[in-house]
Amino acid sequence: MSSTVPASATTPDAPHTPAKSRKSPGRRPSRSWAAPLLLISPTLLVLGVFVYGLIAANLNTSFQDRHTRAESQGYVWFENYAALFSDDTFMYSLRNLLLYTGAFLLGTLVLGFLWAWLLEKGVRGESLFRAVYLFPMAVSFIASGVVWRWLLNNAEGDRSSGLNRLFGDLGLTWLQNPWWTHERWGIVAIAVPAIWQLSGYVMALFLAGFRGIPEELREAGRMDGCNEWQLYRHVLFPQLSPVALSAIIIIGHMSLKVFDLIMAIAGQTNYTTQVPATQMWVEFTRGDYAKSAAIGTVLLVIVAVLIVPYLVATYRQERRR
Amino acid sequence: MRATHKSLAMGLAALSLLAVSACGGEDGGTGGGGETQEVEVFTWWAEGSEKEGLDALVEVFTSQNPDFEFVNGAVAGGAGSDAKNVLASRLQTNDPPATFQAHAGAELTDYIEAGQIEGLSAMYEEKGWNELFPEGLLERLEQDGEIYSVPSNIHRANVVWANTAVLEEAGLDPKASYASLDEWIAALEKVEAAGKIPLSVATDWTQVHLLETVLLADLGAEAYSGLWDGSTDWAGEDVTAALEDYQTLMGFTNTDRQSLDWQDATQLVIDGEAAFNVMGDWAEAAFATSEKTYDTDYVAFPVPGTDGVFDFLADSFTMPVGSPNGEGTEAWLDTVASAEGQEAFNKAKGSIPANIEAETADFGPYQQTAIESWANDEIVSSVAHGAAASVSWLTDITSAVAKFGSNDDVTELQEGLVAAAEKHASS
C-alpha cells in the first residue's frame with residue numbers, strides 16, 4: 001500500500017484519467033482492443049506455432065522411446081531424463097557449462113565495468129575507444145571462432161602457433177598451455193574469445209548507467225562528506241545495480257546457449273569442450289531424437305531459471321509505475 | 001472511431017501480407033514434384049577430389065542416359081554429417097532424392113530399419129551385378145539376406161604413409177617393412193630421438209581410424225571382425241593389450257591433434273615435419289597434389305601387423321522408398337555399377353573400382369598396389385567409416401576415444417567401448 005501511494009502521487013494526471021474514462025460510453029473499451037488484438041494476432045499465431053508449439057513437440061519427443069531414426073516405440077516418460085542425469089558425459093558437460101558461464105560472466109562484467117569506469121573518468125578519445133571495444137560484437141561467433149581456433153592452438157615448443165607462439169617469442173614459455181584441450185579447465189579457454197567479444201557491450205551498458213546518474217546525486221554525496229570510495233559504494237553502485245542485473249541476464253542466457261563458438265573452435269566431437277548444446281547436436285546427428293530432445297528441454301529449463309525471475313521482477317516493476 | 005477503423009484496416013493488411021508470404025513459401029517448396037526427368041543425386045561430395053570424381057561420373061551418366069537430367073543435390077560440410085542431417089529430415093517428410101550416397105555396410109542399418117530404402121537383390125540378379133563385384137564385398141553389403149546399395153568405389157583404411165627423407169634422417173630404411181606394431185614402435189622411438197613428430201594424427205575421427213587399425217593389427221582379421229558381431233569380447237585381455245598399444249602410439253603423436261583435420265595431419269608428413277601418418281588411401285590424392293612421387297618422396301604400406309588384410313570402406317548409392325523418379329534412380333545405379341562409370345569416377349577420386357571388370361591399367365602406382373591387395377587379401381570392414389558398425393555405435397566409440405584423447409585412461413576407454421558394444425550389438 002505504502003509503495004503505491006507515492007507512485008500515483010508522482011504522476012500528476014493520474015486523477016484525471018479515471019474521470020475521463022468514466023465519461024465515455026461503456027462499450028468503447030471492448031471495441032478498442034479488437035483492433036490491437038487483430039494486429040498482434042499474426043505474431044501470436046506464429047509465436048504460438050513456431051515457439052510454444054515446437055517446445056511442446058520437443059517435450060513430447062523427449063518422453064518417448066525414440067533412439068533411432070525409425071518410428072517411436074511408445075512413451076517412457078521420465079526415463080530419458082533419468083538416463084541423462086546418470087550419464088557421466090552429460091554431467092561433465094553440465095559442469096563445463098557452469099564453468100564457462102562463470103568465467104564468461106566474471107570476465108565481461110569486470111572488463112566491461114573497468115572500461116566504462118575509465119571512459120567515464122574522461123579518457124581522451126572516448127568515442128574511438130568506445131568503437132574499438134564495441135566492434136568485436138559485430139563479428140559472428142563462427143567467424144571469430146575460426147580465428148581463435150588458430151590463436152588458441154595448443155601446440156607448444158617449436159610447432160606452436162597463435163598465442164602460444166607469442167608467449168614463446170616473448171620468452172614467456174611458462175605461459176604456454178594446452179588451452180581448450182585441457183581436461184579440467186579447457187572450457188574456460190573457450191570463454192576467452194567470448195569475453196573478448198562481449199566486454200564492449202557490457203561496457204556500453206555500464207557507460208549508459210553512469211551517464212544516467214544525475215550529477216546532483218554526486219554533489220549531494222560530496223556535500224555530505226563522502227570520500228571517493230564511499231561515493232561509489234553508497235551512491236553510484238546502487239544506481240548501477242539494475243544495469244549489472246541486465247548485463248548478467250543478457251550475458252548469462254547467451255552463455256548457456258553456447259554452441260557456435262565451440263563448433264568453430266573445437267568441433268562437435270571434442271571431449272573437453274562438451275556442453276549440453278553440442279551434445280544435443282551429436283545426439284541429433286546420430287538419430288537419437290529422444291535424448292537430444294531431453295537435453296534441449298533441460299537446457300530450456302536452465303535458461304528459464306535465469307530468465308523467468310528477471311521477467312517477473314521487471315513486469316512487477318513496470319506495473320508499479 | 002476513425003482511429004479504430006484505421007487500425008483495423010492496418011491489422012487486416014498485416015494479416016493478408018502474412019497470408020501472401022505463406023502462399024509464396026508453399027509454391028516454392030512443392031515446385032518440381034511429380035513426373036520428372038530430373039535425377040537428383042544427393043551426396044556430400046562438394047569439393048576436391050570427391051567433386052572431381054562426381055563430375056566424371058556425371059559425364060558418363062549423361063552420355064549413357066541423354067533423356068535424364070542430372071541434378072546435383074550435394075550438401076557440404078562436417079565430413080558428411082551435415083548432409084546426413086538434411087537427408088534424415090527429407091526422408092522423414094517423404095521427400096527423398098532420386099538416390100543418395102551412403103557408406104556401404106552397417107551405416108545403412110538405420111535407413112533399413114526405418115524402411116526408407118529399397119532392397120536391391122532382385123535388381124542385382126536381373127542386371128547380373130552379382131558377377132561384377134567380388135564375393136567378399138557382396139557378403140559385406142548384405143544385411144539379413146538383402147543387398148541395399150550399389151558400391152561405387154573401394155578405399156583401404158589400413159595404410160601408413162611415410163616421408164622417406166624424414167626416415168633417412170632418423171637413420172631408418174624407408175624400404176623397411178615392420179612385421180608387428182612393436183617393431184614399428186621401435187622405429188617411432190628413433191624418429192622421436194631425431195626431433196621429428198613420429199606419428200601424425202588429427203581430430204577425433206582420425207584417432208578412431210588409428211585405433212581401428214591397431215585393433216586389427218593386434219587381434220587379427222577374424223577377431224577384429226568378431227568385435228562387430230559379438231563373437232569377440234570387448235572386455236577381453238587381448239583388447240586391453242591392443243588399447244595399451246594404442247596408448248603407446250598416441251604418445252608419439254603431435255600435441256595439437258585436436259586442432260587438425262586429416263589433411264593437416266597428412267600434410268605434416270608431406271612437409272617433412274612428421275615421419276608417419278595412418279590414413280585411408282584418399283591421402284594418396286594429397287601427396288599427388290603436392291607433386292610428390294610414390295616410392296621416392298613417400299612410401300605407403302599396410303599398418304604393421306595388418307599385412308595381407310584389406311580394411312575396406314566403400315561409398316555406395318541407394319534406391320530410396322518412394323523415389324520421385326524410379327527409372328532415373330535405376331539409370332543412375334546402372335551407371336554407378338558399370339565398368340565405365342567406375343573407371344571414370346575412381347581415377348578422379350583416387351580410389352579403386354569395386355567392379356572387377358573395370359579397366360585399371362592406367363591407374364597410379366599406389367592404386368595398383370591397392371588393386372592387387374583387394375584381389376588377394378582378406379577383407380574386413382572399417383568402423384571409422386561406417387562399414388562395420390551403425391552410425392549410432394560409431395558415435396559412442398568416437399566419444400570414448402575423444403575422452404581418452406584428453407585423459408589418457410586405458411581402463412576408462414575400454415569401459416566406454418564395452419558399454420557402446422553392449423548398447424548396440426544386440427540390435
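Reader: Which residue of β10(B) is the bridge partner of A162(B)?

Author: The model is predicted. In it, the bridge partner of A162(B) in β10(B) is V299(B). The strands involved are β7 (residues 159-163) and β10 of chain B, paired in the antiparallel sense over five bridges.

Reader: How many residues of strand β10 of chain B are buried?

Author: A residue counts as buried when its relative accessible area is under 20%. In β10 (residues 298-302) of chain B, four of the five residues are buried, so the strand is largely enclosed by the rest of the structure.

Reader: What should helix α2 of chain B span?

Author: Helix α2(B) covers residues 48-64, and at 1.5 Å a residue its 17 residues should span 24 Å. Its end C-alpha atoms lie 25 Å apart, which agrees. Its buried residues include L54(B), L57(B) and F61(B). Among the elements that cover the buried residues of α2(B) are β1 (38-42) and α13 (326-337) of chain B.

Reader: How many residues does each chain bring to the contact between chain B and chain A?

Author: Chain B brings 39 residues and chain A brings 30. The area buried between these chains is about 3000 Å², with 54% of that from carbon and sulfur atoms. On the chain B side, N85(B), Q258(B) and S259(B) lose the most area to chain A, together 17% of what that side buries.

Reader: How many salt bridges cross the interface of chain B and chain A?

Author: The rule finds three. One joins the side chains of E273(B) and R159(A), at 3.1 Å from N to O. As for helices, α16(B) gives the most to the side of chain B that touches chain A, with nine residues.

Key
Residues numbered from 1 in each chain as written. Chains lettered and ligands numbered in written order. Predicted model: local features only at pLDDT ≥ 70, side-chain atom pairs only at ≥ 80, totals over all residues. Heavy atoms only, no water. Helix = DSSP H or I, 4+ residues; strand = E, 2+ residues; numbered from the N terminus. Expected span 1.5 Å × (residues − 1). Buried < 20%, exposed > 50% of the residue type's maximum accessible area, 1.4 Å probe, protein only. Contact = heavy atoms within 4.5 Å. Pairing = 2+ DSSP bridges. Buried area = accessible area lost by both parts, 1.4 Å probe. Salt bridge = Lys/Arg side-chain N within 4 Å of Asp/Glu carboxyl O.
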